[in-house]
Amino acid sequence: MGTPETSREPCPDRILDDIGGAFGMGAVGGSAFHFLKGLYNSPKGDRIIGASQAVRLNSPRVGGSFAVWGGLFSTFDCTMVYARQKEDPWNSIVAGAATGGFLSMRQGLGASARAAALGGVLLALIEGAGIMLNKFLSAQQPMPVIMEEPPPPPLPDSAAAGQSLFGGWFSGGKKEETGTSGGGETKILESFDAPPVPNFEYK
């Protein structure tokens with residue numbers, strides 16, 4: 001089982017992949033949330049219409065917010081990979097902190113620092129949980145035991161000839177040719193001539 005760092009796309013393609021995945025996740029989750037919220041807040045008799053209007057108005061906004069967060073996070077992650085020349089959980093932690101701080105920059109330096117700390121802590125918790133899950137799953141899988149059987153010892157020529165009960169009496173038209181090469185005896189079995197191969201050419 002690969003770690004999250006090795007199972008992701010390579011770095012330039014990772015940004016677009018994360019933007020699309022984050023938008024889809026935000027759109028689906030936002031649709032479900034705002035559909036239920038629209039059902040609850042709409043007047044009786046118009047609940048389905050109100051829920052569908054709430055989904056249509058709010059789910060693209062939620063998906064876009066998720067896409068911005070995913071794109072920034074992936075961009076900072078790729079920047080860390082390029083700067084450090086290795087992929088490990090520290091890249092994701094620093095990228096989460098940088099994303100949180102960057103998105104809160106308009107609210108001031110204090111809010112940006114708090115959001116950066118929160119983003120770093122959240123990503124550290126996520127990465128720690130992923131590492132623990134990988135270790136737990138790898139410990140649960142037993143390693144297969146491969147037992148190699150030794151090859152059988154070669155039979156002497158007399159034993160090989162005596163394996164058949166009646167020797168070569170009922171060989172079925174096969175004839176044996178014995179040739180000696182380098183002191184070893186080689187037996188070549190030849191059967192009857194094969195039937196002719198049919199020709200499928202059109203005349």
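## Aromatic pairs and helix packing

At 25% relative accessibility, Phe 76 counts as partly exposed, a value that, like the others in this report, comes from a predicted model. Phe 102 is likewise partly exposed, with a relative accessible area of 42%. These two residues form an aromatic pair of the edge-to-face kind, with 6.2 Å centre to centre and 70° between the planes. Because Phe 76 lies in helix 2 and Phe 102 in helix 3 (residues 89-103), the pair ties together parts that are 26 residues apart in sequence.

The count of aromatic pairs comes to two, and the other pair, Trp 69 with Phe 73, is stacked. Trp 69 and Phe 73 both belong to helix 2 (residues 47-84), where they are four residues apart, about one turn of the helix. Trp 69 is partly exposed at 36% relative accessibility, whereas Phe 73, at 9%, falls under the 20% limit and therefore counts as buried. The geometry of both pairs is set out below.

| Pair | Centre to centre | Angle between planes | Class |
|---|---|---|---|
| Trp 69 and Phe 73 | 5.3 Å | 10° | stacked |
| Phe 76 and Phe 102 | 6.2 Å | 70° | edge-to-face |

Helix 2 also packs against helix 1 (residues 11-41), the two axes coming within 5 Å and crossing at roughly 155°. Since angles over 145 degrees count as roughly antiparallel, helix 1 and helix 2 are therefore roughly antiparallel to each other. The crossing of helix 1 past helix 2 is right-handed, and the residues of this contact divide into 20 nonpolar, 15 polar and five charged.

Notes: Residues are numbered from 1 along each chain as its sequence is written. This is a predicted model: local features need pLDDT of at least 70, side-chain atom pairs count only at pLDDT 80 or more; totals for chains, interfaces and linings use all residues. Side-chain values use heavy atoms; hydrogens and water are left out. Rings of Phe, Tyr and Trp (its six-membered ring) pair if their centres lie within 6.5 Å; planes under 30 degrees apart count as stacked, over 60 as edge-to-face and the rest as tilted. Helices (H or I, at least four residues) and strands (E, at least two) are DSSP runs, numbered from the N terminus. Buried means under 20% relative accessible area, exposed over 50%, partly exposed in between (1.4 Å probe, protein chains only). Axes are lines fitted to C-alpha atoms, for helices over the stretch in contact, and angles run from 0 to 180 degrees between N-to-C directions. Angles under 35 degrees count as roughly parallel, over 145 as roughly antiparallel, 65 to 115 as roughly perpendicular and the rest as oblique. A crossing is left-handed if the near helix is turned anticlockwise from the far one by less than a right angle, and right-handed if clockwise. Ala, Val, Leu, Ile, Met, Phe, Trp, Tyr, Cys and Pro count as nonpolar, Asp, Glu, Lys and Arg as charged, and the others, Gly among them, as polar.
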